[in-house]
Amino acid sequence: MRGIIGLCLVSVFVSCATKKKVTPQPTKAPIIVVDSAKIKAETVQVPQIQNQDPEETSLPVILTTEDRVRLMMREGINKQADWTEAMHYDLRKPNYVIIHHTAQTSIAQTIRTFQVPHAKVSSHYVIGRDGQVVQMLNDYLRAWHAGRSKWGNITDINSMSIGIELDNSGKEPFSEAQISALLTLLDTLKTKYQIPFTNFIGHADIAPTRKDDPSVFFPWKRLAQNGFGVWYDESNLEMVPENFNYVDALRIIGYDVTNLKAAITAFKRKFIVVDVSDTMTAYDRRILYNVYRRYF
Ligand SMILES: [Zn+2]
């Protein structure tokens with residue numbers, strides 16, 4: 001059945017493509033007369049997928065990655081506009097990395113979670129306690145790892161990030177093999193997609209009311225020392241000026257301060273570690289002021 005669907009889709013797309021005839025050929029004259037190339041976008045139809053075998057109607061239609069991408073490409077065409085294709089483009093690339101812990105007991109369990117229909121969650125990478133790195137989605141695809149979240153003014157983190165899940169219960173230290181593998185992966189992603197170092201953050205940073213991962217055991221300081229994320233200058237913790245507004249500082253760093261107590265706890269889980277209460281002590285303010293002054 002899957003093969004038949006694939007064939008149907010291919011034939012639909014081929015027929016659509018031959019009808020459209022709007023893509024200028026690179027070998028032809030570079031000057032394109034827009035009026036003559038213009039067609040109505042409403043003539044581009046989204047193919048319908050129909051399971052016609054009555055015995056299989058209760059089964060979900062499983063599309064290949066390529067089929068799903070083709071469908072979304074069709075849905076991305078605005079039918080209210082005219083259509084003619086530009087010739088210079090590529091795919092949008094990730095600009096953030098979100099780090100998670102799985103809160104599960106094994107990498108196999110996490111992989112299974114990301115492969116069952118009802119779970120509705122996924123991430124690009126899963127890293128085992130032994131340092132095994134498993135990729136589960138192409139970096140260019142949108143994984144479902146962030147959920148309802150916010151960082152600065154960004155509200156659709158999934159659309160611009162790569163999600164990395166670390167196999168860890170949340171109540172235990174992360175192994176050296178796992179962190180070492182993570183650092184190697186981060187280095188690859190940072191270089192490949194030119195991701196700013198400030199954009200390596202945790203799930204709890206972007207969803208402070210819902211999430212607490214990665215836990216206090218996660219070595220954010222070590223990550224920052226390797227160029228991923230931020231950390232304060234321990235040798236130069238200057239005094240905090242009286243007019244320092246810590247709420248504004250948290251917001252400017254990126255935290256959603258709509259629920260201030262949750263944002264404070266998220267900040268302290270990362271930077272203070274030994275105290276994750278929801279109030280800012282004088283010491284906490286010094287750390288925050290240092291991070292704020294240093295990077296933002
Ligand atoms: Zn998470």
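Predicted model: local features only at pLDDT ≥ 70, side-chain atom pairs only at ≥ 80, totals over all residues.
Two strands pair if DSSP finds at least two bridges between them.

**Overview**

The protein has 11 helices and seven strands. Of its 296 residues, 26% are buried. Where contacts join residues at least 6 apart in sequence, 68% of them link residues at least 24 apart.

**The sheet around β6**

An open sheet is built from five strands in the order β5-β4-β6-β3-β7, with mixed pairing. The edges are taken by β5 (133–135) and β7; each has a single partner strand, so one side of each lacks a neighbour in the sheet. On average, neighbouring strands are turned by 25° against each other, direction ignored.

Strand β6 covers residues 161–166 and pairs with β3 in the parallel sense. A parallel pairing also joins β4 and β6. The bridges of these two pairings, by number, are as follows.

| Strand pair | Sense | Bridges |
|---|---|---|
| β3 and β6 | parallel | six |
| β4 and β6 | parallel | three |

Ile98 stands opposite Gly163 in β6.

Is β6 mostly covered or left open? It is mostly covered, with six of its six residues buried. Helix α6 (residues 176–193) lies across β3, β4 (125–127), β5, β6 and β7, and runs at about 170° to β6.

Thr102 belongs to the loop between β3 (96–101) and α4 (107–113). Thr102 is buried, because 24 other C-beta atoms lie within 10 Å and the cut-off for a buried residue is 20 or more. Thr102 and Glu165 are 63 residues apart along the chain, yet their C-alpha atoms are separated by 5.8 Å. Apart from neighbours within four places in sequence, Thr102 is in contact with Thr110, Glu165, Leu166, Asp167 and Asn168.

In soluble globular proteins, nonpolar side chains tend to be buried together. Here the largest nonpolar core has 43 residues, and Val97, Ile98 and Ile164 have the most contacts inside it. Helix α10 supplies the largest share of this core, five residues. At least three residues of the core come from each of domain 1 (96–226) and domain 2 (246–295).

What is Ile164 in contact with, leaving aside its neighbours within four places in sequence? The list is Val97, Ile99, His100, Ser123, His124, Tyr125, Ile127, Leu182 and Leu185.

**Helix α10**

Helix α10 has 12 residues, 260–271, and at 1.5 Å a residue it should span 16 Å; its end C-alpha atoms are 16 Å apart, which agrees. Nine of the 12 residues are buried, so α10 is largely enclosed by the rest of the structure. The buried residues are Ala262, Ala263, Ile264, Thr265, Ala266, Phe267, Lys268, Arg269 and Lys270. They pack against β7 (200–202), α7 (203–206), α8 (220–225), α9 (246–253) and α11 (282–295). After α10 comes Val273, which has a positive phi, near 65°.

Technical notes: Residues numbered from 1 in each chain as written. Helix = DSSP H or I, 4+ residues; strand = E, 2+ residues; numbered from the N terminus. Expected span 1.5 Å × (residues − 1). Contact = placed C-beta atoms within 7 Å. Axes fitted to C-alpha atoms, helices over the stretch in contact; angles between N-to-C directions. Core = buried A, V, L, I, M, F, W, Y, C linked by C-beta atoms within 7 Å. Domains from an automatic or database assignment.
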